[in-house]
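Me: Please take a close look at one part of this model, its cluster of aromatic rings. Then place that part in the whole chain.

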Amino acid sequence: MCCTTDRQAERRFGGCAHPERVSGLVLVSGYAAGWRIGASVEEKEKREAVLTLTKHGWGTSNRAYRHIFSQTFMPDAKPEDLEWFDEFQRQCTSPENAVRFQNAFADIDVRESLAKVKVPTIVFHSHDDQRVSLDQGRELAIGIPNARFVPLESRNHILLDHEPAWETCRDAITAFLEEHGI
């Protein structure tokens, strides 16, 4: 017999307390294991350095601290888009929460739960994503039974509406939802 609270279920199912209510998944730029799991020493050092910069500079008026972070999310963004994203990040969370988020994302490991996904799933990932490698996106799709993997021609982790990958992603999502009656 299994009895869980909603909070326990949320942790167990990756934030979904009621997986029976999910009819499909659209995953963009995702991964199953954080950067502290299997990353090279060099990559870990880079990410830890960003954590230190986040801790000390996130909440300041000097956007350079956030800009380092933003640049890895959207290297092909227009300057005005990056400026907006830098300010948006500052307004959305405190330096302490930004560090907590980065630590949580670094340590996440849901690889064992992937096989439990029983709904139609489509996984999108940019070829040259600087936050999460294409291989990690592909591994996510491989771990979910019958998931469809769609690589995107982009360097951005967050797709921008002016790039062709956005249209590819949007059109494939529309087709996926129609195909599965979602």
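Reply: Ring pairs join W58, F69, F73, W84, F85 and F88 into a cluster. Rings of Phe, Tyr and Trp (for Trp, the six-membered ring) count as a pair if their centres lie within 6.5 Å; planes under 30 degrees apart are stacked, over 60 edge-to-face, and the rest tilted. By this rule there are 6 aromatic pairs. One of them is W58 with F69: edge-to-face, 5.6 Å centre to centre, with 75° between the planes. W58 sits in the loop between α2 (41–57) and α3 (64–73), while F69 is in helix α3, so this pair ties together parts 11 residues apart in sequence. Helices here are DSSP runs of H or I with at least four residues, strands are runs of E with at least two, and both are numbered from the N terminus.

The model is predicted: local features need pLDDT of at least 70, side-chain atom pairs count only at pLDDT 80 or more, and totals for chains, interfaces and linings use all residues. Numbering starts from 1 along each chain as its sequence is written, and side-chain values use heavy atoms, leaving out hydrogens and water.

Now burial. Buried means under 20% relative accessible area, exposed over 50%, and partly exposed in between (1.4 Å probe, protein chains only). W58 is buried, at 4% relative accessibility. F69 is buried at 11%. F73 is buried at 14%.

Leaving aside residues up to four places away in sequence, F73 touches F85, R131, N156, H157 and I158. Contact means heavy atoms within 4.5 Å. From F73 to V132 the C-alpha distance is 9.4 Å, though they are 59 residues apart in sequence.

Then the whole chain. The protein chain has 7 helices and 3 strands. Their order from the N terminus is α-β-α-α-α-α-β-α-β-α. Of its 182 residues, 32% are buried. Among contacts with a separation of 6 or more, 68% are between residues 24 or more positions apart. The C-alpha trace spans about 50 × 45 × 30 Å along its principal axes.
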